[in-house]
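Have the model open as you read.

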Amino acid sequence: MPPDLFDQAHADRLKTDAPLAARMRPRTLEEYIGQEHIVGPGRLLRRAIEADQLGSLIFYGPPGTGKTTLAQVIANTTRAHFIALNAVLSGVKEIREAIDTAQQHSRLYGRRTILFVDEVHRFNKAQQDALLPWVENGTVIFIGATTENPYFEVNKALVSRSRIFQLTPLTADHLRGIVHQALTDPERGYGKLNVTIDDDALNHLVEVANGDARAVLNALELAVETTGDQRLGIGDQRLEIGGQSPISLQSPISNLESPHHPRRRRRIHPTPRRALRQRGRLSL
């Protein structure tokens, strides 16, 4: 059955309307920023991805550190058939369907199958057990992603058959590099909008993101999409778009809080009237 033009148009629209964090998801190892301890030059995982010789893996780390993105990079580079499931939305039925598909690809085309399960800790024991025989006999190469410690939340038998890679929160330099990618990419980011951002504003975005790439891109998207061709103050900082004359606005970014730390009051320089009042030189 030929592809439906309306379905294709809908898929194309979803790509352009997707959040910035989804549009800017790295497609190759060269675009991937951070986690040099596991995907840096010469590291085991990088060599395995480049050689397309992967075994079963579990990626473990906080949100926004690149677990699902790393799986997507593998999907883009491997010659194996790639199946992705989300443990929140899937069960034993979907696992069996994936195994049937893997067996067909092996029998008909001689291709291996990589089965990626996001949020694998959300599978119950029976669902995780349903994977075991197929991982053990090589029907599928299992890749799991979890924010929880797999040694406590994932079936011990499944853990013993997988290599664990721990991803760590991204550094400030990593987050700045991700913002730079988004501001300079003309197709998926804001490269066509001539956006400039002051160092103080950039530092503020990085600080509230707290090592989370998705959070820093969401904050950047909120600032850019609500600014237009104007300059927008971010607390004491400033983000400039299009080089227009400055206006006095308070950015919604200034109200963002780190998901991991309580809100801290930021000092804003008082206006002249407020300053005089504080010094007792202005009566009301």
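This is a predicted model: local features need pLDDT of at least 70, side-chain atom pairs count only at pLDDT 80 or more; totals for chains, interfaces and linings use all residues.

A residue is called buried when its relative accessible area is under 20%. Just beyond the end of α11, N210 adopts a positive phi of about 55°.

Two packed helices are described by the angle between their axes and the distance between the axes. The table gives the two helices that pack here.

| Helix | Residues | Residues in the contact |
|---|---|---|
| α10 | residues 172-184 | A172, L175, R176 and V179 |
| α11 | residues 199-209 | L202, N203, V206 and A209 |

Sorted by class, the residues in the contact of α10 with α11 are 6 nonpolar, 1 polar and 1 charged. How are α10 and α11 oriented to each other? Their angle is about 120°, and their axes lie 10 Å apart. The two helices are therefore oblique to each other, and α10 passes α11 in a right-handed crossing.

Stepping back to the whole protein chain, you will find 13 helices and 9 strands. Of its 284 residues, 42% are buried. What share of the contacts between residues at least 6 apart in sequence join residues at least 24 apart? For the protein chain, that share is 72%.

Methods
Residues are numbered from 1 along each chain as its sequence is written. Side-chain values use heavy atoms; hydrogens and water are left out. Axes are lines fitted to C-alpha atoms, for helices over the stretch in contact, and angles run from 0 to 180 degrees between N-to-C directions. Helices (H or I, at least four residues) and strands (E, at least two) are DSSP runs, numbered from the N terminus. Angles under 35 degrees count as roughly parallel, over 145 as roughly antiparallel, 65 to 115 as roughly perpendicular and the rest as oblique. A crossing is left-handed if the near helix is turned anticlockwise from the far one by less than a right angle, and right-handed if clockwise. Contact means heavy atoms within 4.5 Å. Ala, Val, Leu, Ile, Met, Phe, Trp, Tyr, Cys and Pro count as nonpolar, Asp, Glu, Lys and Arg as charged, and the others, Gly among them, as polar. Buried means under 20% relative accessible area, exposed over 50%, partly exposed in between (1.4 Å probe, protein chains only).
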